[in-house]
Amino acid sequence: MYQTKTKTKVKTKTIFCVLCWCCLNYLAIKLAEKELLSMASKLLLTFAICRLIVTVGLTMDPTELLRLGVYGQLSVDPFDVQTASLDFGMLSRAEPWAVLHPASADDITRVVKAAYESEAHGFTISARGHGHSINGQAQTSNGVVIQMSGSRGRRLGSSTPAALRPHVYEKERYVDVWGGELWIDVLRSTLEHGLAPKSWTDYLYLSVGGTLSNAGISGQAFHQGPQITNVHELDVVTGKGELLTCSEEQNSGLFHAVLGGLGQFGIITRARISLEPAPKREVESLLKKLNFIPSSVFTTDLLYVDFLDRVHKAELKLRSKGLWEVPHPWLNLFIPKSRIADFDKGVFKGILGNKTGGPILIYPMNKHKWDNRSSVVTPDEDVFYLVAFLRSALDNGEEMQSLEYLNHQNRQILKFCDEAGIKAKQYLPHYTTQEEWVDHFGDKWGQFYQRKMEFDPRHILATGQRIFKPSFQSSSNMAL
Ligand code: FAD
């Protein structure tokens with residue numbers, strides 16, 4: 001009985017796919033020729049949703065999903081699915097059932113609500129910024145990836161919706177941006193008004209929602225604080241499918257939860273970011289404020305925008321040599337100031353033996369520039385350092401550049417920190433067991449867990465972080 005049913009289902013699926021794909025494509029082409037592009041896009045979208053239902057066997061009534069009426073694209077195109085199944089780290093792969101290119105926050109609300117309300121066999125939702133995670137944090141294998149970046153202008157047959165374009169408020173000195181906006185585009189928009197965000201990442205091809213879900217730091221963070229302390233307000237779609245505005249004053253619990261929240265509590269669809277007048281060049285004014293021995297000065301004077309976008313130039317060089325799309329076993333650690341000398345001795349002079357390839361960043365951070373109400377975890381000292389090992393693995397026969405070697409060194413570094421009681425905290429953390437996550441959050445775990453139960457009680461969001469398992473997969477509320 002069971003076998004017969006399965007066969008029928010497979011057969012129906014095959015016929016449906018072959019016939020409908022041809023017919024709908026043909027119709028779409030004809031309609032497009034007649035400049036009825038919007039109708040064609042609706043047909044293709046309908047097809048995509050139908051195909052999603054057939055492919056993944058959602059237990060929803062199909063007409064319910066069709067009735068969601070998303071304006072963007074729900075895609076099962078192999079290119080979209082493959083893109084969403086990988087990230088910059090190239091260390092893990094997970095294929096989503098489908099990829100949503102949202103046209104607005106409404107699309108996101110509809111899909112998250114459908115996942116939240118789906119019975120027994122639910123599905124998960126992962127927002128994906130620009131896919132620059134290292135360990136699959138924006139991936140899911142049992143649900144839908146929402147492609148936040150690049151979604152502007154994806155809506156077929158219509159211009160970019162005004163609601164998604166950056167909107168600069170000159171007098172108030174802030175900008176409202178779509179959660180998937182890249183920082184490079186935020187910069188371009190604000191510079192038109194002589195303004196720029198106060199806090200940066202070193203690399204600007206990252207999404208606003210992606211960096212705000214971590215912290216967003218750079219060499220300037222000791223002065224301005226991380227990006228998460230330079231945000232006035234957010235629009236967030238929670239794991240219950242509610243679109244809420246939050247700030248210090250309004251829904252403050254959600255606001256603080258989401259900042260540095262690793263995507264666990266909601267999807268950021270709009271962020272209001274603090275601005276300041278943009279300098280054209282900076283070197284002279286910065287030097288005036290410093291004490292130094294004049295003969296030791298080495299400067300490179302650049303336009304402000306070229307300085308901020310400097311890493312992109314390195315990216316283009318690496319890409320041209322085929323050295324960008326390789327595995328990146330990166331390790332980012334916050335080290336308390338009181339133990340940085342021990343770290344130097346044990347790691348730089350010990351484990352690495354003062355020999356290692358790839359950039360290493362060491363940035364000081366001032367704890368008072370970080371808001372302890374956010375979800376991010378930092379060492380418990382007034383000053384701590386980011387130490388970032390940004391290494392690429394190469395398959396060129398050099399043992400010291402192999403993925404195995406670099407992974408082994410990373411494990412040694414973490415083990416050393418643990419055994420020496422350095423009390424380091426991972427930035428862009430990656431763990432695979434519940435004990436490790438509880439240990440990472442320390443005193444903050446209880447609050448983090450409570451917030452999860454409040455804003456994403458079915459654990460459907462950002463499962464690629466591997467903190468919580470979706471409730472439909474396990475009877476246990478907590479993960480792993
Ligand atoms: P993704 O990797 O796509 O997503 C990261 C996490 O955030 C996932 O869990 C995802 O589900 C969640 N998420 C994504 N969008 C949203 C949203 N709108 N709402 C809620 N959750 C969301 N970091 C720094 O702080 N400073 C740097 O200078 C810096 N430089 C980098 C340079 C390079 C070349 C790379 C690869 C990374 C760098 N990073 C830096 C790390 C970067 O901040 C993280 O990778 C971060 O995740 C942002 O990347 P993304 O926008 O592609 O997000």
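Helices here are DSSP runs of H or I with at least four residues, strands are runs of E with at least two, and both are numbered from the N terminus. The two side chains form a salt bridge, with the closest N and O atoms 3.2 Å apart. A salt bridge is a side-chain nitrogen of Lys or Arg within 4 Å of a carboxyl oxygen of Asp or Glu.

This is a predicted model: local features need pLDDT of at least 70, side-chain atom pairs count only at pLDDT 80 or more, and totals for chains, interfaces and linings use all residues. Residues are numbered from 1 along each chain as its sequence is written, and side-chain values use heavy atoms, with hydrogens and water left out.

Asp185 has a relative accessible area of 24%. Arg188 reaches 46%. The classes are buried (under 20% relative accessible area), exposed (over 50%) and partly exposed (in between), with a 1.4 Å probe and protein chains only.

## Buried salt bridges and a network

The structure holds 17 salt bridges. Side chains of opposite charge can pair when their charged atoms come close. One of the pairs is Arg270 with Glu233, whose closest N and O atoms are 2.5 Å apart. Arg270 and Glu233 are both buried.

Lys452 and Asp456 also meet in a salt bridge, at 2.7 Å from N to O. Lys452 is buried at 1% relative accessibility, and Asp456 is buried at 0%. Elsewhere, salt bridges with shared partners join Asp176, Glu233, Asp235, Arg270 and Arg272 into one network.

## A negative surface patch

Asp418, Glu435, Glu436 and Asp439 form a patch of negative charge on the surface. Patch members have over 30% relative accessible area and no salt bridge; like charges are joined within 9 Å, nonpolar side chains (Val, Leu, Ile, Met, Phe, Trp, Tyr) within 5 Å. Accessible areas come from the Shrake-Rupley method with a 1.4 Å probe, and for residues only the protein chains shown count as cover. Asp and Glu count as negative and Lys and Arg as positive, while His and chain ends are not counted. Each charge is placed at NZ of Lys, CZ of Arg, CG of Asp or CD of Glu.

Helix H15 (residues 434–441) supplies the largest share of the negative patch, three residues. Glu436 is found in this helix. Glu436 is partly exposed, at 32% relative accessible area.

## A nonpolar surface patch

Leu290, Phe292 and Val297 make a nonpolar surface patch of about 260 Å². Phe292 lies in the loop between helix H10 (283–288) and helix H11 (304–308). Its relative accessibility is 39%, so Phe292 counts as partly exposed.

## Cysteines

A search of the whole structure finds zero disulfides. A disulfide is a covalent bond between the sulfur atoms of two cysteines. The cut-off used is a pair of cysteine sulfur atoms within 2.5 Å. Cys246 is buried at 0% relative accessibility. Cys417 is buried too, with a relative accessible area of 5%.

Met90 is not a glycine, yet its phi is positive, about 55°. Met90 is placed in the loop between helix H4 (78–84) and strand S2 (98–101). At 33% relative accessibility, Met90 is partly exposed.

Lys423 also has a positive phi without being glycine, with a value near 60°. The loop between helix H14 (403–419) and strand S14 (425–426) holds Lys423. Lys423 is exposed, with a relative accessible area of 67%.

## Two loop serines

Ser141 lies in the loop between strand S3 (124–128) and strand S4 (143–147). Ser141 is partly exposed at 47% relative accessibility.

Ser402 is in the loop between strand S13 (383–389) and H14. Ser402 counts as buried at 16% relative accessibility. Ser402 and Ser392 are 8.6 Å apart from C-alpha to C-alpha, and 10 residues apart in sequence.
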